[in-house]
Amino acid sequence: MNTQEKVLDVKGLKVSFFTDDGEVPAVDDIDFYVRKGEVLGIVGESGCGKSVTSLSVMGLIPSPPGKIVGGSIKLNDEELTKASEKRMRQIRGNDIAMIFQEPMTSLNPLFTIGNQLMDSMLIHKKGNKREAKKRAIDMLKLVGLPRAEELMNDYPHQLSGGMRQRVMIAMAMVCDPKLLIADEPTTALDVTIQAQILKLMKRLNVELNTAIMLITHDLGVVAETCERIVVMYAGKVVETGASIDIFKDPQHPYTRGLIQSVPDMRYKKQRLYSIPGNVPKPGSIKTGCRFADRCEFAFDRCRQEDPPLYHTAEGRSTRCFLFDEKEGAAHDSRATVES
Amino acid sequence: MGEPAKIQEPPAPVQPQEETISPWKEGWRKFRKNKIALVGTSIVLFFVLMAIFAPWIAPQGINEQDLPNRLQPPSSEFWFGTDDFGRDIFSRVVYGARISLTVGFLAVVGSAAVGSLLGILAGYYGRWVDTIISRLFDIMLAFPSILLAIAVVSILGPSLRNALIAIAIINIPNFGRLIRSRVLSVKEEEYIMAAKAIGMSDARILFSHVLPNSMTPIIVQGSLAVATAILEAAALGFLGLGAQVPQPEWGAMLAASRALLVQAPWTLFFPGLAIMLAVLGFNLMGDGLRDALDPKMKT
């Protein structure tokens, strides 16, 4: 893999929240990268550290109580964890843009759409008011909104959720960022609109060659849009790989559970599969694999040692002792488990 | 990336064209429908016009003594009667509107400005900034407001200007706490995070996002506070700590006529009526504004 191709390179990132009950690690030693022009999916249940990861990249971890305690975040070889707040402000919106989960509340109700679209360009000095206005109208057209000129003077409450999310995307793309972080961009939308927004993002990714880091808990979303996937569990990366490979052959028991819990229209099942138990509270598991309590394959070693990330195939790795060469033979039962 | 580049995408649904309505315009629309609020606004407007055109409305000067006509009851010549110096009470009440409204408005503008600034800082930055400012407000609110005003005036010396300053100071914590709580909720809104995500600076976020979205309670509280300020100015005037004789301040007029309650009740009645009507007007208008602008009332 060519290092120059990486837009974003996160290594050993650790983010902790310092609460009255002591230090709570929300993200614990995670590595991932996003290549130029690719769509990377970050998947996991609520509370596994997906959003904390994205906010760390933006330098927007609420501090206190949050703090990046270790690791590095590199944007085109520039270290972000040590960048000044002033530099981060230049990067935000210009090099990295972000869209949020709730399109209904991510726009300021008191300002017009045009006003908010132009703000980003004016902040980053991408031209004067007239140029910003022209670019804003072009962006509204690009994200597929009709009557763009009139929309500029509309207030957010006049738009539907899907339209607002398109506006948010336009706002994010207006300065032509290298990386777009989308934090559950379709969760708050209904299913038909979800598909439209995903297609729009994919189209912008192809047309403008902007890398996208798509954060979601919805595997269906990932399957449609992402080239590579990072599966997170309780603040750790448990599996990474090309999305086709992971869907075909999930290795980590957690990933397998996730894929099994997606409803499949082709088969009529009595009950949908669900992984037993809940995501452990951050900081509650001190030793062993964090998934051990919910894992049907767990054996003694899982409860005593923390498994490392095993490199299992080209571009794939899994954090599970089942892939340890020594254990592999003894516990090769995984191949026989129903898929 | 072997993704196919051709992706079909349906256009976003076209929304029926409607008139562009800003949230402020919508508030005005609701306000207009509220009859009681309109009555309040009319009363306020009436007093404002009276204050502006006082020299043309008042038949006599405020301090023109007409000793042969002392303590005349209301008549066609002296609408509100005359006091013990033979001064026309109607003229004095009309001029009194100037004093009361000026004190009311200036005191509220002053306390709203200082209170909002402190409230925004406390709410947005939190931690020790919040602790210091909030405890300061608590200390000020621990005193009954009129007592605090009396204390401030006794330090500064009794005069109309000092009464105004005292009223402004005692109202600061009301605005400050209101804005602080509003900012606490506004700053958690996603559009604030979105503004940060496009690289906006703290100062810009405070003044172009947080402040405008915290404006409605300031306006509502402001109109209600004018009523309180007028009342407080009258109280200070009555106690001899505000406007000084012979200024035609309503409270001071009441105080001066105390002894004449039985002999010439009109000397008390009309200044008292003026105070009551002015306070009523601002209160009704404030209530109407709250109904029209308060986000909690929105359906």
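Q: When does a residue count as buried in this predicted model, and what percentage of the 339 residues in chain A are buried?
A: A residue is buried if 20 or more other C-beta atoms lie within 10 Å of its own. The structure is a predicted model. Under that criterion, the buried share of the 339 residues in chain A is 47%.

Q: Is chain B a compact globule, or is chain B more spread out than one?
A: Chain B contains 12 helices and 0 strands. The radius of gyration of chain B is 25 Å, well over the 19 Å that the globule rule gives for 299 residues. The C-alpha trace of chain B spans about 105 × 50 × 25 Å along its principal axes. Chain B is therefore more spread out than a compact globule.

Q: Which element of chain A gives the largest share of the side that touches chain B?
A: The contact between the chains takes 42 residues from chain A and 28 residues from chain B. Elements giving two or more residues to the chain A side include helix 2 (85-91), helix 3 (113-123) and helix 7 (191-208). The largest share, 6 residues, comes from helix 7 of chain A.

Q: How many nonpolar, polar and charged residues does the side of chain A that touches chain B have?
A: On the chain A side, strand 6 (96-99) and helix 6 (161-173) are also among the elements that give two or more residues. By class, the side of chain A that touches chain B has 11 charged, 15 polar and 16 nonpolar residues.

Q: Which element gives the largest share of the side of domain 1 of chain A that touches domain 2 of chain A?
A: The domain assignment of chain A gives domain 1 (3-95 + 177-336) and domain 2 (96-176). In their contact, 27 residues of domain 1 of chain A meet 23 residues of domain 2 of chain A. Helix 1 (50-58), strand 7 (179-183) and helix 7 each give two or more residues to the domain 1 side. The largest share of that side, 7 residues, comes from helix 7 of chain A.

Q: Which residues of strand 3 of chain A are buried on each side?
A: Strand 3 (residues 39-43) of chain A is mostly covered, with 5 of its 5 residues buried. In a regular strand the side chains alternate between the two faces of the sheet. In strand 3 of chain A, both faces are covered: one side holds Val39(A), Gly41(A) and Val43(A), and the other holds Leu40(A) and Ile42(A).

Q: Which residue in strand 9 of chain A stands opposite Val43(A)?
A: Strand 3 of chain A runs parallel to strand 8 (residues 211-216) of chain A, joined by 5 bridges, and Gly41(A) has Leu214(A) as its bridge partner in strand 8. Strand 3 of chain A also runs parallel to strand 9 (residues 228-233) of chain A, joined by 4 bridges. In strand 9 of chain A, the residue opposite Val43(A) is Val231(A).

Q: Over which residues of chain A is the pLDDT below 50?
A: The mean pLDDT of chain A is 82, and 93% of its residues reach 70 or more. One stretch with pLDDT below 50 has 2 contacts in the model beyond near neighbours in sequence. That stretch of chain A is residues 332-339.

Definitions and conventions
Residues numbered from 1 in each chain as written. Chains lettered and ligands numbered in written order. Predicted model: local features only at pLDDT ≥ 70, side-chain atom pairs only at ≥ 80, totals over all residues. Contact = placed C-beta atoms within 7 Å. Nonpolar A, V, L, I, M, F, W, Y, C, P; charged D, E, K, R; others polar. pLDDT = per-residue confidence, 0-100. Domains from an automatic or database assignment. Buried ≥ 20, exposed ≤ 12 C-beta atoms within 10 Å, placed from the backbone. Pairing = 2+ DSSP bridges. Rg over C-alpha atoms; globule rule 2.2 N^0.38 Å.
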